[in-house]
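Here is the note I promised, for someone opening this structure without any background. Have a look at the picture before you read the points.

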Amino acid sequence: MTAGGEDQHLAVLLLLIWTHGPLAREDLARHLPTWPADVMAARLGRLVALQLISVCTQGAPTLYGPDLNCSDVAARQVYARLSGACACRHCGCTDEWGCPDGCWWVAEDVCSSCQGAPLTA
Ligand SMILES: [Zn+2]
Ligand SMILES: [Zn+2]
């Protein structure tokens with residue numbers, strides 16, 4: 001494991017927001033109860049600055065969700081880099097964050113979606 005601790009935390013937050021978002025700060029705090037509010041704010045700020053998540057301030061509460069300009073492939077690739085997880089070399093999916101329709105490993109770094117293999121029993 002070579003990824004830094006802070007990168008790991010950003011990876012967790014990114015995955016949470018992309019798989020469960022949009023989420024309010026309160027929801028995020030419930031998922032990540034050990035994070036102080038200022039740490040949460042700083043990490044959210046970093047993901048926003050990286051254009052991975054978007055902030056919706058219309059209405060209350062403020063919601064954090066996937067950035068619509070960012071493809072899920074790009075987000076998965078960032079997640080893989082931050083978390084240090086083994087990822088598909090094409091689409092960046094990992095054990096924690098697979099393709100939307102589900103996938104499995106056909107090689108060490110290729111998932112079934114990217115192989116284009118037909119579904120067989
Ligand atoms: Zn793939
Ligand atoms: Zn996949």
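The points below go from the whole chain to its parts.

1. **Before you start.** This is a predicted model, so local features are reported only where pLDDT is at least 70 and side-chain atom pairs only at pLDDT 80 or more, while totals for chains, interfaces and linings use all residues. Residues are numbered from 1 along each chain as its sequence is written, and chains are lettered from A and ligands numbered from 1 in the order in which they are written.

2. **The whole chain.** You'll find five helices and five strands here, in the order α-β-α-α-β-β-α-β-β-α from the N terminus. Helices (H or I, at least four residues) and strands (E, at least two) are DSSP runs, numbered from the N terminus. The C-alpha atoms fill a box of roughly 45 × 35 × 25 Å, taken along the principal axes.

3. Of the 121 residues, 21% count as buried. A residue is buried if 20 or more other C-beta atoms lie within 10 Å of its own, exposed if 12 or fewer, and partly exposed in between, with C-beta atoms placed from the backbone. Two residues are in contact if their C-beta atoms, placed the same way, lie within 7 Å. Among contacts with a separation of 6 or more, 42% are between residues 24 or more positions apart.

4. **The core.** What sits in the largest nonpolar core? It has 21 residues, and L10, L14, I17, L47, Y79 and C93 touch the most other members. The elements giving two or more residues to this core are helix 1 (5–20) and helix 4 (72–83), and helix 1 gives the most, with six residues. A nonpolar core here is a set of buried Ala, Val, Leu, Ile, Met, Phe, Trp, Tyr and Cys residues joined through C-beta atoms within 7 Å. Take L47 as an example: leaving aside neighbours within four places in sequence, L47 is in contact with L10, L13, L14, L52 and I53.

5. **Helix 1.** Its buried residues are L10, A11, L13, L14, I17 and W18. These pack against strand 1, helix 3, strand 2, strand 3 and helix 4. The length checks out too: at 1.5 Å a residue, the 16 residues of helix 1 should span 22 Å, and the end C-alpha atoms are 22 Å apart. The expected span is 1.5 Å times one less than the number of residues.

6. Three strands form an open sheet in the order 1-3-2, with antiparallel pairing. Strand 1 (23–24) and strand 2 (53–56) stand at the edges with a single partner strand each, so one side of each has no neighbour in the sheet. Two strands pair if DSSP finds at least two bridges between them. Two bridges join strand 1 to strand 3 (residues 63–66), and four join strand 2 to strand 3. L63 in strand 3 stands opposite A24 and is also the bridge partner of C56.

7. **The hairpin.** Strand 2 and strand 3 form a hairpin with six residues between them, and G59 in the turn has a positive phi of about 80°. P61 lies in that loop between strand 2 and strand 3, and a cis peptide bond joins A60 and P61, with omega about -5°.

8. **Helix 4.** Which residues of helix 4 are buried? They are A75, R76, Y79, A80, L82 and S83. They cover an arc of only 170° around the axis, which puts them on the same side of helix 4; the arc is that of the directions from the helix axis to the C-beta atoms. The buried residues of helix 4 pack against helix 1 and strand 3. Just after helix 4, G84 takes a positive phi of about 75°.

9. **Loops to check.** The peptide bond from G21 to P22 is cis, with omega near 0°, and P22 is found in the loop between helix 1 and strand 1. Q51, in the loop between helix 3 and strand 2, has a phi near 60°, a positive value in a residue other than glycine. Q51 is partly exposed, with 13 other C-beta atoms within 10 Å.
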